[in-house]
Amino acid sequence: MELTSILIPLASVFAGLSVLLLLGGVLALQTSNPLRDRVNTYLSGESTEPVTLQEIEFSQPFFERVILPIVRQIARVFAWMWPQNRLHALRQRLAQAGDEIKLSPGDFMSIKSLITLLVVGSAILIGWLTEYSLDYFAILMLGGVAFTSFFLPDFWLSRRISQRQQALLLLLPDALDLLVIAIEAGLSFEGAIQEIVDKSRGELAHEFARVLRDIIMGKSRRTALAEMADRTGVPDIMSFVTAVNQAEELGVSIGRILANQADELRVRRRQRAQERANQAPIKMMFPIVFLIFPSIFAVLLGPAIPQLLDMFTRTGG
């Protein structure tokens, strides 16, 4: 019974992790653009046969044809349970994670609910098959497994946001340097951003390209930059947007403001590197104390333990 009480929580945790990894793999493979694929299908001259709606439907990934509609139906059931401010905050977090996550807040909440139901159902099924008694400890462990499985997608989302923001922080100083050079060469602010989009790759170039699309669609520069700051959630980008908007209001040279911003960002990047270097000894303390020191003690004191035991045995005898 003791072995069974240990195996059931472990099996439940592994089942939840497997479901989460499967979901992450499906989301990672979802990189195709349906609109682009459809246009390419119509414009390609490889086949002269007409493309039917059924062929277009079956050309889409299995996740979009089957899984995503089911998730959205479930999202309608769970949407009324969550307050609007929580959904708005989740929508902003999904935007900060990048455009690759093509999920609405309702879809994300329904996925969390599905994972929780699958993990809890698997745990109950395993307990029923092993005839495990439903005691207080089992109920407590089941609640812990349900709580963990429900918030695992949030941990994954936070990790993705952190990685994207870190990538933006690393690319921003160099992008500002290129922006200053382009503006001093005589280009406008939009033309300088276009140069960054053409000559660089990464998350920051993608964000600048979206700013240009928003400006072309009729939004003001201030609104497009403010939306970029909200989508990224990076304090340095917010500072950059604020400086550009203030320079536009006061009539100050944008090139001079951006040069000062680039210098300040380099200083911040150097300070963050020094901070991480100062944190390294503290972080190394835990593996040294819990992993390295026990091994050293075992090697040094191990040969002396039999002699000490023999001496205590003789003394006691």
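This is a predicted model: local features need pLDDT of at least 70, side-chain atom pairs count only at pLDDT 80 or more; totals for chains, interfaces and linings use all residues.
**View 1**
Let's start with I161, which sits in helix α7, a helix made up of residues 136-184. The residue has a relative accessible area of 8%, and because buried means under 20%, I161 counts as buried. Leaving aside residues up to four places away in sequence, I161 makes contact with R93, Q96 and A97. This view can also take in T232: its C-alpha atom is separated from that of I161 by 8.6 Å, although the two residues are 71 residues apart along the chain.

**View 2. The crossing of helices α7 and α12.**
Two packed helices are described by the angle between their axes and the distance between the axes. Here, the axes of α7 and α12 (residues 254-301) come within 9 Å, with a crossing angle of roughly 155 degrees. Angles over 145 degrees count as roughly antiparallel, and α7 and α12 are therefore roughly antiparallel to each other. Their crossing is left-handed. The residues that form this contact divide into 13 nonpolar, three polar and six charged. On the α7 side they include L169, L172, P173, D174 and L176, and on the α12 side they include L258, A262, L265, R269 and R272.

**View 3. Helix α9 and the helices packed around it.**
Helix α9 covers residues 203-216, 14 residues in total. From its first C-alpha to its last it reaches 20 Å, close to the 20 Å expected at 1.5 Å a residue. Which residues of α9 are buried? They are L204, A205, E207, F208, A209, V211, L212 and D214. You can follow these buried residues to their packing partners, namely α7, α8 (189-199), α10 (221-232) and α11 (235-250). After α9 comes G218, and its phi is positive, near 115 degrees.

**View 4. D236 in helix α11.**
Our last stop is D236, a residue of helix α11. Is D236 buried or exposed? With a relative accessible area of 6%, D236 is buried. Residues up to four places away in sequence are again not counted, and D236 then touches L169, L172, L265, R268 and R272.

How values were computed:
Residues are numbered from 1 along each chain as its sequence is written. Side-chain values use heavy atoms; hydrogens and water are left out. Helices (H or I, at least four residues) and strands (E, at least two) are DSSP runs, numbered from the N terminus. Buried means under 20% relative accessible area, exposed over 50%, partly exposed in between (1.4 Å probe, protein chains only). Contact means heavy atoms within 4.5 Å. Axes are lines fitted to C-alpha atoms, for helices over the stretch in contact, and angles run from 0 to 180 degrees between N-to-C directions. Angles under 35 degrees count as roughly parallel, over 145 as roughly antiparallel, 65 to 115 as roughly perpendicular and the rest as oblique. A crossing is left-handed if the near helix is turned anticlockwise from the far one by less than a right angle, and right-handed if clockwise. Ala, Val, Leu, Ile, Met, Phe, Trp, Tyr, Cys and Pro count as nonpolar, Asp, Glu, Lys and Arg as charged, and the others, Gly among them, as polar. The expected span of a helix is 1.5 Å times one less than its number of residues.
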